[in-house]
Amino acid sequence: MKKHILAAVMTLSLTGYATADTTGAATAGAAGAFSDAQKQQIGEVAADYLRAHPEILIEMSQKLQAQSQEKQMASAAGAALKEQDALLNDPASPVLHPKGDVAVIQFFDYQCIFCAKVAPTVEQFISQNPNVRFIYKEWPIFGSRWPASVQAAKVGLSVYRKGGAEAYHRYHAALYETGHNEGKLLDEDIRQAAVKAGVTTTPKEEVEAMGAALEKNNQLARSLGIQGTPAFFVMPVTGATAENVSVIPGATTLQGLQAAVEKARGGVKKGG
């Protein structure tokens, strides 16, 4: 008897899941086939089963999280198409390999531990892909907690303006090489990174002027719907579509970035 009841529970669950975006009439119809006593017994059997098999709840939670993330990424990809110019052509954003046919855009914070963990992977990717445009979007989301986050971002953009892309790249790498994140980054770290980049003076007024560019990046990130750092957008420089744009939230792998680049290139070839 319990097996039959459990089967009914699973049927109801599956029916409700499949019609989550509809009026729910099918589910209501199925539920109406049971008496109140049967419904109570079904509930008791289901509760007992889930207590005996809690892994089912974990699996369901993971699936729901995955589905939610997929929806968020699809939404972000759609937003990226609308924000292509801001993503690809902002003169204040540091760019390596500007002639690349595919662009990788990274939103990051120097105090973000996950940005620090993925930094070596990003460096490896850049060195292995000279034909991929790499665009840095300084987004110091931890600035209210750790002021050095904002200061490092402002100095970085100042270094880019004064010394160009290669100087900025050296500065960027030097900061992550300190291993100082989550509140450990020091003003001296920032100063030394600028020196390594070949920029020995960073006048305060020039540094503070970079605040406008940071706010622009913040507004862009909000428009894209991303929730934190790091976040990567991968898209062809021309011919971007919903099918060839990738959004990668969080730290990723070299293979993950490479696959997104190939997807961007493949989508353009098929479309063209």
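Begin with the second largest pocket of this predicted model, to whose lining H7, H8 and helix H9 (204–208) each supply at least two residues. If you then colour the lining by helix, H8 gives the largest share, five residues. Coloured by class instead, the lining of the second largest pocket divides into six nonpolar, four polar and four charged residues.

Next, select H7 and helix H8 (residues 187–196) together and hide the rest. How are two packed helices described? In general, the description uses the angle between their axes and the distance between the axes. For H7 and H8, the packing angle is about 10° and the axes are 9 Å apart. Since angles under 35 degrees count as roughly parallel, H7 and H8 are therefore roughly parallel to each other. To display the contact itself, show the side chains of Ala148, Gln151, Ala152, Val155, Val159, Arg170, Tyr171, Ala174 and Leu175 on H7, which meet Asp189, Ile190, Ala193, Ala194 and Lys196 on H8. By class, this contact of H7 with H8 has 10 nonpolar, one polar and three charged residues.

How many cavities of 30 Å³ or more does a search of the whole structure find? The search finds one, and about 40 Å³ of space lies in the largest cavity. Select Gln106, Cys115, Ala119, Val122, Glu123, His172 and Tyr176 to see the residues that line it. Helix H6 (113–128) and helix H7 (147–177) each supply at least two residues of this lining, with the largest share, four residues, coming from H6. By class, the lining of the largest cavity has four nonpolar, two polar and one charged residues.

From H6, move on to the strands. H6 lies across E1, strand E2 (102–108), E3 and strand E4 (231–236), and runs at about 155° to E3. Selecting the strands shows an open sheet of five, with the order E1-E3-E2-E4-E5 and mixed pairing. Strand E1 (95–96) and strand E5 (246–249) stand at the edges with a single partner strand each, so one side of each is left without a neighbour in the sheet. Zoom in on E1, which two bridges join to strand E3 (residues 132–138), the two strands running antiparallel; here Val95 stands opposite Ile135 in E3.

Finish with two details of the backbone. The place of His97 is in the loop between E1 and E2, and His97 has a positive phi of about 55° although it is not a glycine. What kind of peptide bond joins Thr229 and Pro230? The bond is cis, and its omega is about -5°.

Technical notes. Residues numbered from 1 in each chain as written. Predicted model: local features only at pLDDT ≥ 70, side-chain atom pairs only at ≥ 80, totals over all residues. Heavy atoms only, no water. 1 Å grid on protein atoms, 1.4 Å probe; cavity = no way out; pocket = protein on both sides within 12 Å on 5 of 7 lines; lining within 4 Å. Points joined across faces, edges and corners; volume = space filled by probe spheres on them. Nonpolar A, V, L, I, M, F, W, Y, C, P; charged D, E, K, R; others polar. Axes fitted to C-alpha atoms, helices over the stretch in contact; angles between N-to-C directions. Parallel < 35°, antiparallel > 145°, perpendicular 65-115°, else oblique. Contact = heavy atoms within 4.5 Å. Pairing = 2+ DSSP bridges.
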